[in-house]
Amino acid sequence: MPGPSPGLRRAVLGLWAALGLGILGISAVALEPLWADLQPRVALVERGGSLWLNCSTNCPRPERGGLETSLRRNGTQRGLRWLARQLVDIREPETQPVCFFRCARRTLQARGLIRTFQRPDRVELMPLPPWQPVGENFTLSCRVPGAGPRASLTLTLLRGTQELIRRSFVGEPPRARGAMLTATVLARREDHRVNFSCLAELDLRPHGLGLFANSSAPRQLRTFAMPLFPPSLIAPRFLEVGSERPVTCTLDGLFPAPEAGVYLSLGDQRLHPNVTLDGDSLVATATARASAEQEGTKQLVCIVTLGGKSRETQENLTVYSFPAPLLTLSEPEAPEGKMVTISCWAGARALVTLEGIPAAVPGQPAELQLNVTKNDDKRGFFCDAALDVDGETLRKNQSSELRVLYAPRLDDLDCPRSWTWPEGPEQTLHCEARGNPEPSVHCARPDGGAVLALGLLGPVTRSLAGTYRCTAVNGQGQAVKDVTLTVEYAPALDSVGCPEQITWLEGTEASLSCVAHGVPPPNVSCVRSGKEELMEGPLQVAREHAGTYRCEAINARGSAAKNVAVTVEYGPSFEELGCPSNWTWVEGSGKLFSCEVDGKPEPRVECVGSEGASEGVVLPLVSSNSGPRNSMTPGNLSPGIYLCNATNRHGSTVKTVVVSAESPPQMDEYSCPSHQTWLEGAEATTLACSARGRPSPRVRCSREGAARLERLQVSREDAGTYRCVATNAHGTDSRTVTVGVEYRPVVAELAASPTSVRPGGNFTLTCRAEAWPPAQISWRVPPGALNLGFSSNNSTLSVAGAMGSHGGEYECAATNAHGRHARRITVRVAGPWLWVAVGGAAGGAALLAAGAGLAFYVQSTACKKGEYNVQEAESSGEAVCLNGAGGTPGAEGGAETPGTAESPADGEVFAIQLTSS
């Protein structure tokens, strides 16, 4: 019987599995306790906010369910075993909603807790006092209404940014809302204009929310300090009507002084002070002015206010009226002899005194009568008034001047007859006349010339000196007086009265006199510089009188000094030291003949040849005062006898001078060639160097570097650089000479390379010669040798592709101006022996003998002639002379005449063997 199908088996297994799980589920439900749940169980919501609550149960089929709360609901959502409800506008500090379900005749409940919080949106700091005295306590009070929960709230009182007090309300009931914090603070100076504030912090971070903080508006505190003592008032006791005086009010210990107020008054008049501050000190200064309405005793009041408090000071000030005395003259200007009345009065309460005489009683005038004379002109009268004010006597006075009219008077005191003034400084010319009205004074020269500017400040000049007539005029008459003005001035020495240069002639009589200008007349004296001898009277002139004299003029106004140069002139004269009789001229030195002549003025000197080659020739002189005739240059001076003539305006003199000529050494290319040549082997000699000069120079030559060895014949080692020095009394001259040693040529080396070559190969012959001057190289080669190559100087001969014709004797010859030398070398070109086997005894032997004889002949002939056909050797295989066979020996190393050849003495013969391939 077939089994069940796989699908059926799978269905059966599934059914059993479902039944098993159902049974387990029913068992689990039957075993789990029933419950109701509310989420969130505990919630913290901002006041006025909303919240969704979820109420659920595990009852399989609850009969009914709901959510009990006093809060407002906005919406509800339901399911079989759950419901969700939104609560809005939550304002209660704390509520407990209840979730319930009815299941199997049981009530399942879950209770939740909803609390609200309110941010500290209002933080209020109670107002501060307008002014707070320093050192006294004041109260800071902070209020935060509604914020909560209070247990999460912290309040902080701040002074600026400084924390004064901080309080948290941990432990307060959960429903408690709002908080208040109060503190007592001591006011300080530094608290002035400092802001105080309150900081409220609601910390809900433990509940998963943030930290909410807010601050109150800042309130500024103003502190002050007022001293207990009153201000100090400085003011006068009395103040006259119409006058003004300063008043000062001072108070120390104010804080803050800039905010203090000052009130200052005089009676009903308020003063306007200027206030200055210095730290905590206040100084108020005002000007008090008194009027007639204020006459009497008035109170001067100073009040200083600060922070609602004030300090006051009062002083009494008496305002009085005291007019100045009235002094009158019946005639202020009266003619001489007139009666004048003088009166003085100073008000109803004052007692006046006129010229020391008091009035009878206060309030009455005092009088004085006078018959005036000219002595009363400009007489002053004095009136004194006294007034008693508040127990103190005050005084005032007045003066007046009387003018008496009279005619002018010129006295010697105000207008002296003689005036003496120094020249230069500005002066005021005074000539005053007495008289009333004041006279006008005019001073002029009698001849109608200069006029004196009286009363004006001006410079005094010499032109003002003279006699003037002064006239004083006024309405009462005139007066006349003659005055003399003398202008004094310091001495002056000019070029006319005292010239700077004076010339005397030796042997004549002369005197030194200087005339100076000055007022009073100066005294003049002249003294020679460096001496104290005073020049007075005439003297016999000698040369020693020449020099500089100091002339000084002195008067009461000063002195003047001047240097006077005295020159003593005389005729010319020669001295041997200054103009020698014998003079040697050195050629090329450029030196001129110095012929100094004594004479003043400086003589003109000219030296002219008198005989021989120098006749008529002018000798050039060092002196700048030489004659006008043309003279020769120092380079062509002729020795001989010259006559030197010296002349000036006081005479002439002649001197004979013998001139000889000498010269320093001189060498040139002609007398001492710079390049000289010696021949090796010649007799040793000295350098060909001589020098010109007078006296005859001595010439010495020495080799530079290593010294030259003494030898009989010239050697190549003598070549080098020599220095030749010529010397005489006038100097030295030197030349550098290069010596070259020449020698005949010698072929030092003649070689072949390579020593063997195959037919068609290459070889080279090298010839090296020693000679000076360098030798010319020439070659002699075997006849018929072609395709030869030579180097640029012929020292190398090259053959490329050697043939038999290149065999033979080669000669290298070296030739220069001193001879010729040659060397020879023999080159043999040969190949290997070629043996040929010939059959047959007789024929072979004969052929062999004939061939051998022919080969020997050709070989020997070729060796003797040095010729060989390389192509034939290559084809026939014939041999050449080997190992020097056929060479001609010869001598080597000895000298030979030009054109001769030589072979090596040691048989130096090179053979080149050509071999077949």
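**Surface, strands and salt bridges of a predicted model**

The chain exposes about 50300 Å². Carbon and sulfur atoms supply 51% of that area. The model is a predicted one. The chain has 917 residues, of which 37% count as buried. Its secondary structure comprises three helices and 69 strands.

One of the sheets is open and has three strands. The strand order is S2-S10-S7, and the pairing is mixed. Strand S2 (42–46) and strand S7 (94–95) stand at the edges. Each has a single partner strand, so one side of each is left without a neighbour in the sheet. S7 pairs with strand S10 (residues 113–117) in the antiparallel sense, over two bridges. Within S10, Ile-114 stands opposite Thr-95. In general, strands of a sheet pair through backbone hydrogen bonds, in either a parallel or an antiparallel sense.

Gly-424 lies in a loop. The loop runs between strand S38 (418–422) and strand S39 (426–428). The relative accessibility of Gly-424 is 43%. Buried residues fall under 20% and exposed ones over 50%, so Gly-424 counts as partly exposed. Neighbours within four places in sequence aside, Gly-424 is in contact with Pro-459 and Val-460. Glu-488 is 64 residues from Gly-424 in sequence. In space, the C-alpha atoms of Gly-424 and Glu-488 are 9.5 Å apart.

Side chains of opposite charge can pair when their charged atoms come close. A search of the whole structure finds 49 salt bridges. One of them joins Arg-434 and Asp-411, with the closest N and O atoms 3.3 Å apart. This pair links distant parts of the chain, 23 residues apart. Arg-434 belongs to strand S40 (residues 434–436). Asp-411 sits in the loop between strand S37 (392–409) and S38. Both partners have intermediate accessibility values. Arg-434 is partly exposed, with a relative accessible area of 41%. Asp-411, at 26% relative accessibility, also counts as partly exposed.

A second example joins two strands. The side chains of Asp-482 and Arg-469 meet in a salt bridge, at 2.9 Å from N to O. Asp-482 lies in strand S44 (residues 477–492), and Arg-469 lies in strand S43 (residues 466–474). The pair therefore ties together parts that are 13 residues apart in sequence. Asp-482 has a relative accessible area of 34%, so Asp-482 is partly exposed. Arg-469 has 41% relative accessibility and likewise counts as partly exposed.

Arg-820 forms a salt bridge with Glu-811. The closest N and O atoms of this pair are 3.5 Å apart. Arg-820 and Glu-811 are both buried. The pair is also part of a network, in which salt bridges with shared partners join Arg-780, Glu-809, Glu-811, Arg-820 and Arg-824.

How values were computed
Residues numbered from 1 in each chain as written. Predicted model: local features only at pLDDT ≥ 70, side-chain atom pairs only at ≥ 80, totals over all residues. Heavy atoms only, no water. Helix = DSSP H or I, 4+ residues; strand = E, 2+ residues; numbered from the N terminus. Buried < 20%, exposed > 50% of the residue type's maximum accessible area, 1.4 Å probe, protein only. Contact = heavy atoms within 4.5 Å. Pairing = 2+ DSSP bridges. Areas by Shrake-Rupley, 256 points an atom, 1.4 Å probe, with all protein chains shown as cover. Salt bridge = Lys/Arg side-chain N within 4 Å of Asp/Glu carboxyl O.
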